[in-house]
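Here are my notes on the model you sent over.

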Amino acid sequence: MSLNGNVALVTGASRGIGAATARALAARGAAVAVNYFGSEAAAQSVVADIRAAGGKAIAVKGDARDRAQVEAMAAEVKAQLGPIGILVLNASIGFPMKGFLDYPWDAFEAKVLGEMGAAFHGCRAVVPQMLERKSGSIVAITSGLARDPGWGFCAHSAAKAALEGLVRALAFELGPMGIRVNAVAPGLTLTDATANLPEKHKQAAAEHTPLRRNGQAEDVAEAVAGLLQTGFVTGATLPVNGGAHTF
Ligand SMILES: NC(=O)c1ccc[n+]([C@@H]2O[C@H](COP(=O)([O-])OP(=O)(O)OC[C@H]3O[C@@H](n4cnc5c(N)ncnc54)[C@H](OP(=O)(O)O)[C@@H]3O)[C@@H](O)[C@H]2O)c1
């Protein structure tokens with residue numbers, strides 16, 4: 001199956017998993033809006049790569065947590081590429097790594113509200129465009145940490161678990177309108193976000209993974225593209241972790 005004729009908005013697509021996803025969707029025929037927050041040059045380079053490969057892409061600036069900016073972005077994409085049929089909620093909402101007893105409430109609140117805001121505003125801005133065609137597909141990038149905790153990640157685990165709850169609620173509500181909503185939950189994936197993890201931590205994770213390596217952004221992107229190309233899967237969370245925590 002191809003994504004020909006579809007318009008996709010990928011949030012946080014200037015780097016990492018989002019950039020790989022933008023490329024993967026464009027390679028399957030979608031016209032892709034590459035959202036960025038601070039890294040304009042990186043976003044333009046993703047767009048240039050897609051166009052050089054014969055695909056269609058534009059870069060759109062916006063803070064995924066901010067309703068007005070997300071609405072403006074969705075309107076701009078519709079005007080330039082047509083109604084959005086695919087939304088990938090990927091923007092990485094930063095957080096400090098700290099134990100629960102040291103976690104500042106402000107940081108916890110900012111992470112959870114940021115993650116929820118990005119999903120809520122993204123869906124509210126884009127679903128009306130999907131309803132115009134009575135079809136659409138949304139994929140939220142969550143995390144294996146939504147289920148399997150790790151030290152320092154309490155805010156991230158809570159935020160991603162809430163996101164998975166929202167995915168199931170939206171799948172239930174929007175399914176009758178032809179819109180599917182799923183989650184992809186990566187394990188440790190080598191991107192800028194994990195670049196500062198000690199090498200021995202990455203090696204240990206690989207050793208405890210049945211497929212014996214760390215994930216790459218492209219592994220997650222392929223899973224997102226695969227889910228988008230199904231027709232009867234909704235409300236699901238697909239782990240992309242080489243089998244870690246599965247057995
Ligand atoms: N890497 C992992 O091990 C891992 C594991 C599980 C889940 N995830 C999830 O996968 C997603 C992508 O993570 P990643 O590792 O690819 O991160 P990354 O390489 O650090 O890239 C982060 C991306 O998010 C964008 N971004 C940050 N804040 C934003 C905002 N407020 N609005 C719009 N875009 C924003 C950045 O844009 P600019 O550079 O333009 O600011 C950048 O494109 C995140 O949701 C993350 O939680 C990652």
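1. Let's start with V32, which touches A8, V10, A22, L25, A26, K56, A57, I58 and L81, once residues up to four places away in sequence are left out. Contact here means heavy atoms within 4.5 Å.

2. Some ground rules before going further. This is a predicted model, where local features need pLDDT of at least 70 and side-chain atom pairs count only at pLDDT 80 or more, while totals for chains, interfaces and linings use all residues. Residues are numbered from 1 along each chain as its sequence is written, and side-chain values use heavy atoms, with hydrogens and water left out.

3. Which residues have the most contacts inside the largest nonpolar core? They are L25, V32, V34, V184 and V224, in a core of 34 residues. A nonpolar core is a set of buried Ala, Val, Leu, Ile, Met, Phe, Trp, Tyr and Cys residues joined through side-chain atoms within 4.5 Å. Buried means under 20% relative accessible area, exposed over 50%, and partly exposed in between (1.4 Å probe, protein chains only).

4. As for where that core comes from, two or more residues each are given by β1 (7-10), α1, β2, α2 (40-52), β4 (86-89), β5 (136-141) and α7 (217-228). The largest share, eight residues, is from α7. Helices (H or I, at least four residues) and strands (E, at least two) are DSSP runs, numbered from the N terminus. There is also a second, separate core of 30 residues, with L89, A119, A171 and A183 among its members. In soluble globular proteins, nonpolar side chains tend to be buried together.

5. On to the ligand. It is surrounded by 31 residues, the closest being S14, I17, S39, T189 and T191; to count as near, a residue needs a heavy atom within 4 Å. By class, that shell holds ten nonpolar, 16 polar and five charged residues. Here Ala, Val, Leu, Ile, Met, Phe, Trp, Tyr, Cys and Pro count as nonpolar, Asp, Glu, Lys and Arg as charged, and the others, Gly among them, as polar.

6. If you're checking the pose, look at the ligand's oxygen atoms. One lies 2.5 Å from an N or O atom in the side chain of S39. For the backbone, an oxygen atom of the ligand is 2.9 Å from a polar atom of G38, and there is a 3.2 Å distance from a ligand oxygen to a polar backbone atom of G12. The protein covers 92% of the 900 Å² of accessible area that the ligand has on its own (Shrake-Rupley method, 1.4 Å probe). Elements giving two or more residues to the shell are α1 (16-27), β2 (31-36) and α5 (154-174).

7. Most residues other than glycine have a negative phi. K134, in the loop between α4 (105-133) and β5, has a positive phi near 50°. R212, in the loop between α6 (199-207) and β8 (215-216), has a positive phi of about 60°. K134 counts as exposed because its relative accessibility is 65%, and R212 is exposed too, at 56%.

8. Is S137 buried or exposed? This residue of strand β5 counts as buried because its relative accessibility is 6%. Leaving aside neighbours within four places in sequence, S137 is in contact with G85, I86, L87, M130, R180 and L228.

Technical notes. Polar contact = N/O pair within 3.5 Å; in protein donor to acceptor, adjacent residues only side chain to side chain.
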